[in-house]
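User: I'm new to reading protein structures. Could you take me slowly through the place where the two chains come together?

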Amino acid sequence: MEKNKKRFNPNEAIVPGISLLFGIAYFVQTADASWIAIKWAYGLGTLTGLFLLGIIFTYVFSIPVKKEKTDTPANKYKPLIILIAPLLYIATMPYLGFALSSFVFLTLLFRWLGGKSWSRNTIIAFTITAVLYVAMVLLMQMSLPRLEIGSFIL
Amino acid sequence: MGIASLDVILSGLGLLLQPEHLMWLPLGMLAGLLIGAIPGFNDTNFLAMVLPFTVYLGPMNAVVFMMACFCASQAAGSFPAILLNIPGTPSNAPTCLEGFKMTRQGRAGYAMGLSIGASTVGGILSALVALVITPVVGIYALNFGPAELFMMAIFGMTAVGSLTGKSLLKGLFSSALGLFVACVGTEFQEGYTRASFGFFELYEGFPLIPVLLGVFGFSELFSLVGEKNLVAEGIKKVNGFGPIIEGLKASMKHKINMVRSGLIGILVGLIPGTGAAIATWVSYGQAKQWSKTPDKFGTGHDEGLVAADACNNGVPGGALIPTVTLGIPGSGTTLVIMAALMINGVTPGPSFFGEHAVEAYAILFSLVVANILLLPIGLVVARLASNVTSVPNKYLVPIIALFCLIGAFASRQMLFDMYLVVIFGVFGALLTRFGYSVPAFLLGLLLGPLAERNFFWAVEIGGIDSFLRPIALVIFIATIAVLALPVILAKMVRSGKTALSGVETIENEDENS
């Protein structure tokens, strides 16, 4: 009988937790809003809150289920790379320019995800960057961040 | 505004078939298929970019070229949705649900064939309906006031009920959260900026394209990164035209589904301010409710893909009707097409069919011919595009990540949108992992501003009584029916199973005796 007792399930609390934090931040930010401006948001906030309570009682405090298969140690760090690498790419783009940062981003990410041949990684990264550069910067005249090296604009 | 004689209609066809006009159709198709397949480039962005160049083409060539681009980019948006789980346009999001699953099962070519078949049929149907009823029906679109549009948004939301699948509670929570997240940004009544968290980039709310690229494209990378290939191991990859033709043939088995979805596309496209993104979800939800195998939706099911793509290409014809007849563009894309006409000295509106009947019919015929051309040109482009499944994930994952980030930047040219892709990518991955409905969340985000604006307008104009107008009531009844149908169907399935088990028990008893 002890096995069927409802327990706190921390994994199931992640999405409701994020939603709750968002809701709190939202209403703190809009504390000075007039009733006219905020009534629609209050209505929806209440509705979302009611569903959130339902989820807390149904899933966050629930009968534990069997654990899913966990990732192999080699794969555990890869999602972290996918999270961090783009953040670094976006942060460095204004300084390195679109072309160079994209090339570095692709080359390193290929390598970190298992592309062992540096030459192949470099060729693929260069080709994709070049195609994007021609399409985005030269043809579509998009104002992507660029690096100026003397008279050469990358 | 009356119906033109056969001579005028045939003159319109004759005008289009002149080589100097006709040559712009395949060119527009090719451009639309190639550029429309780039994630983040929706058809509106693409046509807006093309617009300045069309000034040099002359009014007829410009509009023919743009109509071809419009049809092709609508269809091409499905290619990255099927192959990479990146919706080319917001309306391709339901295609991701089925198409990408098929790709993972080694059926990318088949899915592309299905998509092209459904897009062609939906597009031709839509073009023919537009051709026949444009002069007559356009005027009725004016009857859609704020109350009807609000009800339409609610109807779209209830269609989510059929998408939520495993947990209704989590599905409803996802859509409510989507609606709530849509409350970020400047509200329309007082111009107050609600919770922009100090970012001027959020003054207009969360931009749809980066959110879409995040929750669909980027979130998928977290699971792809742990696998060697896009296609699950042990599944033989089949290349060449064979699977595409097979998919094309299979799409023809879903005639009723395609016609129903195409008609949904036309009807929703007809209502100004709605657009393909809402239509495809409604169509997908309806296909699931009418399906004999609703449990297969979301697992790579033909019916879901056919419904989404037939509807997606059904929208242009519908959206064109109020644009041409009333001068009210049904979507952002038709707004650009209207601008192209106006730049070239032609003003669409109630007098358009009276003053420029031949040109008006030529434009409508261009939509029919463009959709016919979609089949051969689309097949060749699909054949080339399906090779992407042979690329190992170690190369594909970084490339998808880069395309998602650049696609997000392309929509507003802001670095901030790239951060949004990462944030919503993580959030989308969490939603998927814990059984929440990503489509419901997105639909809430999409419909939020539309629902809010029209609700308050309706109340201000006519009070609560506005929601009791005949069209609003019909949509409301349809909404209740949509909510009730899954419950009724589930009961029918249960009673059917009980009856079946009863029959089996009796048969077993007979055999034993």
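Predicted model: local features only at pLDDT ≥ 70, side-chain atom pairs only at ≥ 80, totals over all residues.

Analyst: Happy to! Between chain A and chain B, nine residue pairs are in polar contact, counting pairs with both residues at pLDDT 80 or more.

Let's look at the side of chain A that touches chain B. The elements giving it two or more residues are α1 (14-29), α2 (35-60), α4 (78-96), α5 (98-112) and α6 (118-139) of chain A. The largest share, 16 residues, comes from α2(A). Sorted by class, this side has 44 nonpolar, 16 polar and six charged residues.

Now for both sides together. In total, 66 residues of chain A are in contact with 60 residues of chain B. The two chains bury about 5,500 Å² between them, with 81% of it on carbon and sulfur atoms. One salt bridge is found across the interface of chain A and chain B. You can find a salt bridge where the side chains of Lys170(B) and Glu12(A) meet, at 3.1 Å from N to O.

Leaving aside neighbours within four places in sequence, Phe218(B) is in contact with residues of chain A, Ile82(A) and Pro86(A), and with residues of chain B, including Leu213(B), Ala401(B) and Val421(B). In the largest nonpolar core, which has 117 residues, Phe218(B) joins Tyr89(A), Phe98(A) and Phe105(A) as the residues that touch the most other members. Helix α18 (residues 357-385) of chain B gives this core its largest share, 15 residues.

Methods:
Residues numbered from 1 in each chain as written. Chains lettered and ligands numbered in written order. Heavy atoms only, no water. Core = buried A, V, L, I, M, F, W, Y, C linked by side-chain atoms within 4.5 Å. Buried < 20%, exposed > 50% of the residue type's maximum accessible area, 1.4 Å probe, protein only. Helix = DSSP H or I, 4+ residues; strand = E, 2+ residues; numbered from the N terminus. Contact = heavy atoms within 4.5 Å. Buried area = accessible area lost by both parts, 1.4 Å probe. Salt bridge = Lys/Arg side-chain N within 4 Å of Asp/Glu carboxyl O. Polar contact = N/O pair within 3.5 Å; in protein donor to acceptor, adjacent residues only side chain to side chain. Nonpolar A, V, L, I, M, F, W, Y, C, P; charged D, E, K, R; others polar.
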